[in-house]
Amino acid sequence: MTGLRFGIVLAAVFGASLALAQGGSDKRRSGYRDMGAALQQMQDDDTANPGMLFVQQGAKLWEQRVGTADKSCADCHAAANVSMKGVAARYPAIPSGADKPIDLEGRINLCRVDNQKAPPLPPESQDMLALLAFVSRQSRGLPIAPPDDPRLAAYREQGAEIYARRQGQLNLSCAICHDDNAGKKLAGVTIPQAHPTGYPIYRLEWQGPGSLRRRLRNCLVGIRAEPYPAGAPEYVALELYLMDRAKGMILESPGVRP
Amino acid sequence: MANILVNAPKMAKRGDVIEIKALIMHPMETGFRPGPNGQIIPRNIIEHFTATWNDAEIFALEMSPAISANPFVSFFAVATESGTIRLRWTGDQGFAVEEQVAIAVE
Amino acid sequence: MDRRRFLAGTAVVALLPFDRAAATPDAMAEAIRKVLGGAAVREERVKLDMPPLIENGNTVPLTVSVESPMTVGDYVKAIHVFNEKNPQPNVFTAKLSARNGKAIVGTRIKLGDSQKIVAIAETSDGKFWSASADVIVTLAACLEEST
């Protein structure tokens with residue numbers, strides 16, 4: 001923790017319970033609604049949302065010919081606002097000819113390797129996040145719609161199991177915070193319900209964009225659990241579970257989060 | 001290849017006061033933070049931002065390390081004549097980029 | 001689970017976004033003195049808009065607006081913003097003229113801690129005007145390893 005101020009806030013972190021003011025029977029709320037007006041405005045205004053810088057970069061990469069195939073995404077997929085519409089809303093999914101689910105990053109890298117004959121983009125690299133932001137932007141405003149593929153059920157269950165399992169030195173489960181204590185304050189921060197509605201997000205804490213995987217990693221480190229190694233299937237399982245749990249909620253990509 | 005987003009109206013009436021907003025991708029590394037090896041990461045910030053309208057300066061901003069990463073700036077200008085609004089960012093490590101937008105004033 | 005035990009017994013690790021600040025209220029006062037050069041300053045005409053509660057100190061939206069006709073004979077020349085607790089007291093200086101029509105400048109700033117922010121406007125008649133705000137910065141929870 002080199003030179004950084006490292007505060008350990010002990011005990012009494014959960015303040016008074018906030019009533020989840022929400023109409024209807026659907027008590028789910030996006031992390032967007034837990035943010036103050038200033039950050040909501042930052043997300044809503046495309047000319048102020050820093051995530052749009054990465055969407056713009058992704059639009060350039062979409063047109064760029066790379067790899068020994070010398071093909072751009074656009075060469076095969078043409079206009080992204082048509083071909084990529086709704087895609088981010090249904091990942092992770094099992095690609096044709098495969099038997100294991102991959103998330104959207106995995107799908108983009110599959111095209112890099114198989115179709116462009118280019119090396120895969122490293123996770124959380126700027127190019128990967130830019131393409132991810134650009135592809136996800138095409139689904140903004142659409143409801144999360146996980147595929148009906150029965151082969152996904154076992155992976156979702158694995159995700160649900162991880163979500164409910166206590167882990168880490170703090171011996172907490174995701175559910176204790178995000179189901180039982182959502183809406184309460186944790187050291188000044190409102191605990192969101194952990195819906196993956198904004199990804200990839202521009203997180204102020206990171207001073208940059210990041211994927212859902214990185215966000216999950218942050219929560220694992222936060223409860224002092226050993227995060228799964230990059231590329232571990234546990235992340236895809238958790239993503240599948242979270243997307244199913246958020247089924248029907250509206251995608252906001254690129255979201256802004258504190 | 002800098003990533004810049006500029007928002008300004010493409011058309012305005014003479015005398016209108018228009019808002020210009022700009023975002024640029026830049027780390028704004030403060031020069032006060034230690035890196036993973038414990039050594040201070042060298043400062044890398046944008047120091048100056050200027051806006052010209054047909055080459056006459058209309059706005060300038062001197063920035064410090066306290067400006068956030070991927071800096072955002074918004075300001076206003078009186079629409080005087082058709083032409084080019086040019087935005088320029090310069091800073092540490094030889095950083096110098098510009099972006100221009102056209103505006104029609106009638 | 002026993003919720004009460006959980007509420008009482010949880011340890012949460014939080015990491016502040018900045019190193020311990022080096023600037024002080026004195027450093028800010030000194031930086032302000034330099035701008036004023038002995039002139040008086042009145043707490044009028046300037047409005048400093050910031051969210052009352054800041055969810056993350058890395059990116060805090062801030063807008064300064066100054067009441068002014070913004071004519072060639074009477075306009076705002078400069079807007080300076082200072083802070084108490086970041087490593088340096090100066091945040092930014094904006095140069096304006098009648099060409100701006102409105103004396104409103106917006107940007108986003110980093111704040112390592114709860115503190116006082118001061119905005120000073122200099123008008124074309126050589127007078128100074130100011131506003132200040134006390135902001136509360138909350139700590140982010142659930143962060144990754146420091147890298």
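**View 1. An open sheet of 3 strands in chain A, with mixed pairing, has the order E5-E4-E6.** Strands are DSSP runs of E with at least two residues, numbered from the N terminus, and two of them pair if DSSP finds at least two bridges between them. This is a predicted model, in which local features need pLDDT of at least 70 and side-chain atom pairs count only at pLDDT 80 or more, while totals for chains, interfaces and linings use all residues. Residues are numbered from 1 along each chain as its sequence is written, chains are lettered from A and ligands numbered from 1 in the order in which they are written, and side-chain values use heavy atoms, with hydrogens and water left out. The edge strands, each pairing on one side only, are E5 (208-210) and E6 (255-257) of chain A. Neighbouring strands of this sheet are turned by 35° against each other on average, direction ignored, where axes are lines fitted to C-alpha atoms.

**View 2. Strand E4 (residues 201-203) of chain A runs antiparallel to E5(A), to which 3 bridges join it.** Within this pairing, A:Ile201 has A:Gly210 of E5(A) as its bridge partner.

**View 3. Helices H10 (residues 212-222) and H11 (residues 233-245) of chain A pack with their axes 10 Å apart, at an angle of about 100°.** Helices are DSSP runs of H or I with at least four residues; their axes are fitted over the stretch in contact, and angles run from 0 to 180 degrees between N-to-C directions. H10(A) and H11(A) are therefore roughly perpendicular to each other, a description that covers angles of 65 to 115 degrees. On the H10(A) side, A:Leu212, A:Arg213, A:Leu216, A:Arg217 and A:Leu220 meet A:Tyr235, A:Val236, A:Leu238, A:Glu239 and A:Leu242 of H11(A), contact meaning heavy atoms within 4.5 Å. By class, this contact of H10(A) with H11(A) has 7 nonpolar, no polar and 3 charged residues.

**View 4. Where chain C meets chain B, 28 residues of chain C are in contact with 28 residues of chain B.** The area buried between chain C and chain B is about 2,400 Å², of which carbon and sulfur atoms give 52%; buried area is the accessible area (1.4 Å probe) that two parts lose on being put together, summed over both. C:Arg99, C:Arg108 and C:Lys110 supply 29% of the area that chain C buries against chain B, more than any other three residues.

**View 5. The count between chain C and chain B is 1 salt bridge.** The side chains of B:Glu62 and C:Lys95 form a salt bridge at 3.2 Å, N to O, the term requiring a side-chain nitrogen of Lys or Arg within 4 Å of a carboxyl oxygen of Asp or Glu.

Terms used:
Parallel < 35°, antiparallel > 145°, perpendicular 65-115°, else oblique. Nonpolar A, V, L, I, M, F, W, Y, C, P; charged D, E, K, R; others polar.
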